[in-house]
Amino acid sequence: MMITTKGRYGTRFLLDLAINSSDRAVSLRDVAKRQGISDKYLEQIVPLLSRAGFIRSVRGAQGGYMLLHKPEDINLGDVLRALEGTLAPLDCVDPESGCKCEREEECVTTEVWKKIYDAVSAVVDSITFADLVNEYKKKTGQFDYYL
């Protein structure tokens, strides 16, 4: 499984909101500038994040985007699934695909693919955006950790 630019940039967009917005909306242009991402590209990602229930838009002069949930209530796995789709390396181990492999009875590699899927899911589902904010603050020398 590869994380595409959409997954990486969408994660960076949400992390920027978690870091820079507490009670106020953050403009897409400001996020794009801070993150070094084209605002046109972010405009394509924002609807996916909005439909998935992670952000809301605020209109007006002080408008922009805000998180709909606290950073500790948003995990990386949910965001990646909203942006990338499944995290499964193959359809045969994706519980959402409904795929029934014709070789399931004799296939010895299915268990390997399932273990990979389970391991990736466990890692990304255990990381919240509060964790990412804390990592950001450690790396940048800001020590008022998000609790």
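Which residues lie nearest the centre of the largest pocket? In this predicted model, select A18, S21, S22, L67 and P71, which lie nearest that centre among the 13 residues of the lining. The space in this pocket comes to about 190 Å³.

Next, colour α1 (5-20), β2 (64-67) and α6 (129-140); each of these elements supplies at least two residues of the lining. By type, the lining residues divide into seven nonpolar, three polar and three charged.

W113 sits in helix α5 (residues 110-126) and is partly exposed, with a relative accessibility of 30%.

Stay on helix α5 and show the side chains of K114 and D118. They meet in a salt bridge, 3.2 Å from N to O. The two residues are four apart in the helix, about one turn. D118 is partly exposed at 36% relative accessibility, and so is K114 at 34%.

Now go to helix α4 (residues 76-84), where D78 and R81 are three residues apart, about one helical turn. Their side chains form a salt bridge of 3.6 Å, N to O. Both partners are partly exposed: D78 has a relative accessible area of 37%, and R81 has a relative accessibility of 26%.

Last, select R103 and E106, whose side chains meet in a salt bridge of 3.8 Å, N to O. R103 is partly exposed, at 45% relative accessibility. The structure holds seven salt bridges.

Definitions and conventions. Residues numbered from 1 in each chain as written. Predicted model: local features only at pLDDT ≥ 70, side-chain atom pairs only at ≥ 80, totals over all residues. Heavy atoms only, no water. 1 Å grid on protein atoms, 1.4 Å probe; cavity = no way out; pocket = protein on both sides within 12 Å on 5 of 7 lines; lining within 4 Å. Points joined across faces, edges and corners; volume = space filled by probe spheres on them. Nonpolar A, V, L, I, M, F, W, Y, C, P; charged D, E, K, R; others polar. Buried < 20%, exposed > 50% of the residue type's maximum accessible area, 1.4 Å probe, protein only. Salt bridge = Lys/Arg side-chain N within 4 Å of Asp/Glu carboxyl O.
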